[in-house]
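User: I have a model open and want to go through its side-chain contacts. Can you take me through them?

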Amino acid sequence: MTGSWTGTPRRAAPEPLEGPVVGTITGGTIIWFALFLLQLPFYGWFSDHGHTWWIWTCLAGGGLGLIGIWYVRGRDAAIKRAAAAAANQSNDSDGTP
């Protein structure tokens, strides 16, 4: 098995970055669809030069972005539910109404 590394890491992995994930994915998806629509009128030129894959790459990026939006919205909702459940559980253990 060449290329596999089985040693111990030199340092711990960094924490994942948290931020406006839903907005970031939505913005990227809009950009992919905009690029698709902007290139579509030039389909003939792309076809003549063998670059039609540029157009279809943008469409695929937009489609995958829609899946990404669905995924990160569900992830964000799950994180909020878990935080609410943890807060609710800590309130119940305090004995406060």
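Salt bridges and aromatic pairs

Analyst: The count of salt bridges comes to two, a salt bridge being a side-chain nitrogen of Lys or Arg within 4 Å of a carboxyl oxygen of Asp or Glu. This is a predicted model, in which local features need pLDDT of at least 70 and side-chain atom pairs count only at pLDDT 80 or more, while totals for chains, interfaces and linings use all residues. Residues are numbered from 1 along each chain as its sequence is written, and side-chain values use heavy atoms, with hydrogens and water left out.

User: Which side chain does glutamate 18 meet in a salt bridge?

Analyst: Glutamate 18 meets arginine 75, at 3.0 Å from N to O. Glutamate 18 lies in the segment before helix 1 and arginine 75 in helix 3, so the bridge ties together parts that are 57 residues apart in sequence. Helices here are DSSP runs (H or I, at least four residues), as are strands (E, at least two), numbered from the N terminus.

User: Is glutamate 18 buried or exposed?

Analyst: Glutamate 18 counts as exposed, at 54% relative accessibility. Arginine 75 is partly exposed at 32%. The cut-offs are under 20% relative accessible area for buried and over 50% for exposed, with partly exposed in between (1.4 Å probe, protein chains only).

User: And what does lysine 80 form a salt bridge with?

Analyst: The partner of lysine 80 is aspartate 76, and their closest N and O atoms are 3.4 Å apart. Both sit in helix 3, four residues apart, so about one helical turn separates them. Lysine 80 is exposed, with a relative accessible area of 54%, and aspartate 76 is partly exposed at 30%.

User: Switching to rings. How many aromatic pairs are there?

Analyst: The structure holds five. Rings of Phe, Tyr and Trp (its six-membered ring) pair if their centres lie within 6.5 Å; planes under 30 degrees apart are stacked, over 60 edge-to-face, and the rest tilted. One of the pairs is phenylalanine 36 with tryptophan 56, which is tilted, with 6.2 Å centre to centre and 45 degrees between the planes.

User: Where do phenylalanine 36 and tryptophan 56 lie?

Analyst: Phenylalanine 36 is in helix 1 (residues 21-39) and tryptophan 56 in helix 3 (residues 52-94), so the pair links parts that are 20 residues apart in sequence. Phenylalanine 36 is buried at 11% relative accessibility, whereas tryptophan 56 is partly exposed at 41%.

User: What about the rings of tryptophan 53 and tryptophan 54?

Analyst: Their centres are 5.9 Å apart and their planes stand at 90 degrees, so that pair is edge-to-face. Together with Trp45 and Phe46, Trp53 and Trp54 form one aromatic cluster. Tryptophan 54 is partly exposed, at 33% relative accessibility.

User: What is glutamine 39 in contact with, leaving aside its neighbours within four places in sequence?

Analyst: Glutamine 39 is in contact with Phe46, Trp54, Ile55 and Cys58, where contact means heavy atoms within 4.5 Å. Glutamine 39 belongs to helix 1 and is buried, with a relative accessible area of 16%.

User: Last topic, confidence. Where in the chain is it lowest, and where highest?

Analyst: Helix 3 has the lowest confidence, at a mean of 92, and helix 1 the highest, at 97. The chain averages a pLDDT of 90, and 92% of the residues score at least 70; pLDDT is the predictor's confidence in each residue, from 0 to 100.
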